[in-house]
Amino acid sequence: MPSAADLLFSYARDRDEAAFAELVRTHIDLVYSAAARRVDGDPHAAAEITQEVFLSLARHAGRLAHHPVLGAWLHTCTRNAAINLLRRE
């Protein structure tokens, strides 16, 4: 199985949607559960945050292919997206 870095690089270079789908499949539970904790279990807010995080991942895939720990970046991005959502509300 390719590493997260390999999948990100493949998506960034070739816009390989299968590679990105695999990244989402592998990390969606981490992102959603972290988001849900930040918004007191609100499923709609957690889903919105999750979508925002993966959109950000897609936008920054080329740069993030070199990130040493993708899970840490996803968790930080989730925290920031939750804070932004709570501020907007």
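## An aromatic pair

Rings of Phe, Tyr and Trp (its six-membered ring) form a pair if their centres lie within 6.5 Å; planes under 30 degrees apart count as stacked, over 60 as edge-to-face and the rest as tilted. In this predicted model, that rule gives a count of 1 aromatic pair. The ring centres of Tyr11 and Phe20 are 4.7 Å apart and their planes stand at 40°, so this pair is tilted.

Both Tyr11 and Phe20 are buried, meaning under 20% relative accessible area, where over 50% is exposed and in between is partly exposed (1.4 Å probe, protein chains only). Over the face of Tyr11 you will find Arg15, 4.8 Å from the ring centre; a charge sits over a ring if NZ of Lys or CZ of Arg is within 6 Å of the ring centre and within 35 degrees of the ring normal.

## Around Ser10

Ser10 belongs to helix H1; helices here are DSSP runs (H or I, at least four residues), numbered from the N terminus. Ser10 is buried, its relative accessible area being 14%. Leaving aside residues up to four places away in sequence, Ser10 touches Arg15, Asp16 and Ala19, with contact meaning heavy atoms within 4.5 Å.

## Helix H5

Now to H5, where the buried residues include Trp73, Cys77 and Leu85. The buried residues of H5 fall within an arc of 165° seen down the axis, so they line one face of the helix; the arc is that of the directions from the helix axis to the C-beta atoms. They pack against helices H1 (4-14), H2 (17-38), H3 (43-59) and H4 (61-64).

## About the model

Residues are numbered from 1 along each chain as its sequence is written, and side-chain values use heavy atoms, leaving out hydrogens and water. As the model is predicted, local features need pLDDT of at least 70 and side-chain atom pairs count only at pLDDT 80 or more, while totals for chains, interfaces and linings use all residues.

Technical notes: Helix = DSSP H or I, 4+ residues; strand = E, 2+ residues; numbered from the N terminus.
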